[in-house]
Number of protein chains: 2
Amino acid sequence: MSSTIIAIDAMGGDHGPSVTIPACLQVLGQHPAVQLILVGDTAVLQPILIAHSANKQPRLTLCHASQCVAMDELPSHALRNKKDSSMRVAMNLVKEGKAHACVSAGNTGALMAIARYVLKTLPGIDRPAIISTFPTVTGKHVRMLDLGANVDSSAEDLFQFAVMGAVLVSAVDNIPHPKVCLLNIGEEEMKGNEQVKQTAQLLTNFKAINYTGYIEADAIYRGDADVIVCDGFVGNVALKATEGVAVLIKKLLKEAFSKNLLTRLLAWIASPVLKSLGKRIDPANYNGATLLGLQGIVIKSHGSARVHAFAHAVEEAVVEAEKNIPQRIRDEVEQWLKPSSREIL
Amino acid sequence: MSSTIIAIDAMGGDHGPSVTIPACLQVLGQHPAVQLILVGDTAVLQPILIAHSANKQPRLTLCHASQCVAMDELPSHALRNKKDSSMRVAMNLVKEGKAHACVSAGNTGALMAIARYVLKTLPGIDRPAIISTFPTVTGKHVRMLDLGANVDSSAEDLFQFAVMGAVLVSAVDNIPHPKVCLLNIGEEEMKGNEQVKQTAQLLTNFKAINYTGYIEADAIYRGDADVIVCDGFVGNVALKATEGVAVLIKKLLKEAFSKNLLTRLLAWIASPVLKSLGKRIDPANYNGATLLGLQGIVIKSHGSARVHAFAHAVEEAVVEAEKNIPQRIRDEVEQWLKPSSREIL
């Protein structure tokens, strides 16, 4: 494989091929060295490609899969009964070396279960984690993990998340020694639950990571940290709360500007400013979470993603494939997670 | 005590009496039946009262306390060594029946430790919880607990939080059968950690509470729930994330409107609209968290609260005192937490 090849679960997500296909065409238009494999029911996909006059696009190939994983399907059910699903077939392409990464907007639980079964975790990693980006006031983003793959993470799990997060950020965001923080309910040493306190100890003793201490959830958006580590239950709440507040403020802003004729006129005049703000906090620009810790690259798009957002997730896959993230984690983890290295340091 | 009397830790918070005194005067001006007791160093407080021409205000009395609890002091240290602190003396006034409630903007950990020691928890309640309000798109607020008093809450703890939260909301917000939700990382039954799943079972079996199921963190702001129950670590992250995102969006809005002369002119024209929005999401309007489950009313103000925000916390104390929340919880909990009641239902 000379160019970067990404396998796309074309059937996944709330909108399926009506979003995944235009998004893929957008990515192909912007990345001349990228090839995409659309995985799904070719009887469904082919007509949509023709409608987009894209059936002759040489860098876009089809790969048939007869099944779909439903958004509310139990992961265990999908794992057992959907061996020819678009999600699983896309994952198989990664496993077989026919694609460098796969992207799906489908059922997160099923995606994680299938990824663990098909691709397996990297040596030294007990549990994969979900990592994604959050906006900050400085303009640069911060990456946080775990965002919901695990609940009740142990200190050792959190420590491994920190190592994996540091490797990803260092490679993808080009930050040589990313600042790693632990999400906590206070900045003082005495604060937090046992897992967090023990993880702080592990990270303090482990000099290969630039651990800079506890961070509270309001500081996520300040841009002081490069990687924020937490349990998946907590991270998922932080992620969803962020989305919820953004929706709330957007709605209040709209209400305030549609109160009467004068405010509506103001909204029209101010629309370029409001649009530029909307762009800065548009969740589409943060779409594409990585299932980190696997022997292959798996990117999860938000289920409700539209074209621009899904394209962003595919682009995350392209960058991670070009940087060969799993191999980097494997190398670093082998080095870093050696018992001797952790005892000596 | 015929009128409502509130004891104020006048020295607490980042700004001390320069905020607490003007806030108290504001509350007295708006609530003719309220009396306030300012607790703190009278040598400090008296001159500030004189400067505000308030030294003759008949509904404002002073109560001397020679010590202060520092914002970063260990709770155990404050408990042992600060027996004459403004925080503790204010709490004693509640304990002795000389005040109906107390309010402090001081160190949360110390306030909780002193409250548990001085006032004790209500019979049947194992751990007090912190409850406060969040804005929603519907315009009404929602109350959530626990926001950080406890980490690693058991299912029984979460169940008790649900009972206490329902009593508070029913009395203070005048909602006869408040909708109680459990914060989780998905709405499906299989989602979540063990504590949440077990709590769902307890609440489903307990018909005295209007339990309506799981809620995800983005739905906090939708106004579907009246009470949201979670562990204190998780709740604190949700609360702080909310604050952090609001600060981020405010800053981006300001940036967008100060890009050039034209946008600055727009900001000036649109300022009434932007101000009305600011008011809707102003954290000052949500200031004042209740330490719920104690034999007395304790309200915690944000440490950084300014006058308007601190006054809001005092007003929360007034309402809870008028509604006699601890007695209501005691009555309901005695009824509801009876083993027989829980077995039958």
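This is a predicted model: local features need pLDDT of at least 70, side-chain atom pairs count only at pLDDT 80 or more; totals for chains, interfaces and linings use all residues.
Local features need pLDDT of at least 70 and side-chain atom pairs count only at pLDDT 80 or more, whereas totals for chains, interfaces and linings use all residues. Residues are numbered from 1 along each chain as its sequence is written, and chains are lettered from A in the order in which they are written.

**View 1. The fold of chain A comprises 12 helices and 11 strands.** Helices (H or I, at least four residues) and strands (E, at least two) are DSSP runs, numbered from the N terminus. The radius of gyration of chain A, taken over C-alpha atoms, is 21 Å, close to the 20 Å that the globule rule gives for 345 residues, so chain A is as compact as a globular protein of that length; the rule is 2.2 Å times the number of residues to the power 0.38.

**View 2. Helices α6 (residues 155-172) and α7 (residues 194-205) of chain A cross at roughly 50 degrees, their axes coming within 8 Å.** Axes are lines fitted to C-alpha atoms over the stretch in contact, and angles run from 0 to 180 degrees between N-to-C directions. The contact (C-beta atoms, placed from the backbone, within 7 Å) is made by A:Ala155, A:Leu158, A:Phe159 and A:Ala162 of α6(A) and by A:Gln195, A:Gln198, A:Thr199, A:Leu202 and A:Leu203 of α7(A).

**View 3. In the interface, 48 residues of chain B are in contact with 48 residues of chain A.** On the side of chain B that touches chain A, α8 (232-257) and α9 (261-281) of chain B each supply at least two residues, and α8(B) gives the most, with 20 residues.

Key:
Two residues are in contact if their C-beta atoms, placed from the backbone, lie within 7 Å.
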